[in-house]
Amino acid sequence: GKLISTCFYDGKLESSGPDIDKVLRRVLPRPVTWLTTSKLPNSREQNANSSFNNSCEVTVIFQWLKQLNQAAMEAQRNYKVAVLSGYAAQLKLLKRSLDAEQSGLEALAIECNTVDAFQGREADIVIYSVTRSNKDGKIGFLRDEARLNVALSRGRIGLLIVGDHQFCRSLSYSPLSDVLHYIEQHPE
């Protein structure tokens, strides 16, 4: 809540969001956590029919979901998880992976969707797939403050951002660079 207030509403929203429960703390140490792909092989986006996807991010997301599922199973808990992206091609990759992995993630109710389609709804945990990472600094969807606000404010308990933080840091004209700066300045 504080991140959203600071980055999108000039600090005018007040929030006393819930604490991360002990189950989640094992895999989501802070209410907002960024898993970077910047040093991983193949971390750059791929062009896919006027859209973009990022298979590296999909791999990282599903590795993390397996860890979350394991923690949830051990604690006999269930979580609703939304995996969001601004790109149809990324959504297609995410859904394909979900179809392949769903039977091993039985403690999680997972929905993969575009940011626009998820507007007005919430989940316990939101995973935001940045998708974009290129040497030219092209950002597309990452320039749209309203859509990023929607994407990052849908989680009741936690937010996991997956993407190339070095790429996002280099973007002086993206609200996502402000989000990254906030996370770095507020490690709690």
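Student: How do you know that strand E4 pairs with E6?
Tutor: Four bridges join E4 (residues 79–85) to E6, and the two run parallel. Strands pair if DSSP finds at least two bridges between them, so four bridges make E4 and E6 a pair. In E6, tyrosine 128 is the bridge partner of leucine 84. Helices and strands here are DSSP runs, numbered from the N terminus (H or I, at least four residues, for a helix; E, at least two, for a strand).

Student: What should be kept in mind about the source?
Tutor: The model is predicted: local features need pLDDT of at least 70 and side-chain atom pairs count only at pLDDT 80 or more, whereas totals for chains, interfaces and linings use all residues. Residues are numbered from 1 along each chain as its sequence is written, and side-chain values use heavy atoms, with hydrogens and water left out.

Student: What joins E6 to strand E7?
Tutor: Six bridges do, and E6 and E7 (residues 155–163) run parallel. Isoleucine 127 has leucine 160 in E7 as its bridge partner, and tyrosine 128 stands opposite isoleucine 161 in E7.

Student: What joins E4 to E5?
Tutor: Seven bridges join these two strands, again in parallel. Asparagine 113 in E5 is the bridge partner of leucine 84. The chain gets from E4 to E5 through helix H4 (residues 88–101), and this β-α-β crossover is right-handed.

Student: What makes the unit of E6, helix H6 and E7 right-handed?
Tutor: The test looks along strands that point away from the viewer: a path that runs clockwise from the first strand over the helix to the second is right-handed. E6, H6 (residues 145–152) and E7 make a unit of that hand.

Student: Why are E1 and E5 called edge strands?
Tutor: The sheet is open, with five strands in the order E1-E7-E6-E4-E5 and parallel pairing. E1 (32–36) and E5 each pair on one side only. Neighbouring strands of this sheet are turned by 20 degrees against each other on average, direction ignored.

Student: How does H3 lie on the sheet?
Tutor: H3 touches E1, E4, E5, E6 and E7, and its direction makes about 160 degrees with that of E6. Contact means heavy atoms within 4.5 Å. Such angles run from 0 to 180 degrees between N-to-C directions, with axes fitted as lines to C-alpha atoms, for helices over the stretch in contact. H6 lies across E4, E6 and E7 and runs at about 135 degrees to E6.

Student: Why is H6 called oblique to H8?
Tutor: The two helices pack at an angle of about 40 degrees, with axes 9 Å apart. That makes H6 oblique to H8 (residues 175–185), because angles under 35 degrees count as roughly parallel, over 145 as roughly antiparallel, 65 to 115 as roughly perpendicular and the rest as oblique. Glu145, Leu148 and Leu152 in H6 meet Pro175, Leu176 and Val179 in H8.

Student: Why is strand E6 called largely enclosed?
Tutor: Seven of its seven residues (123–129) are buried. Buried means under 20% relative accessible area, exposed over 50%, and partly exposed in between (1.4 Å probe, protein chains only). In E5 (residues 108–114), five of the seven residues are buried, and the strand is mostly covered.

Student: What makes phi of glutamine 76 and of threonine 131 worth a remark?
Tutor: Most residues other than glycine have a negative phi. Glutamine 76 has a positive phi near 55 degrees, and threonine 131 has one near 75 degrees. Glutamine 76 is in the loop between H3 (55–75) and E4, and threonine 131 is in the loop between E6 and H6.

Student: Are glutamine 76 and threonine 131 buried or exposed?
Tutor: Glutamine 76 is exposed at 74% relative accessibility, whereas threonine 131 is buried at 0%.
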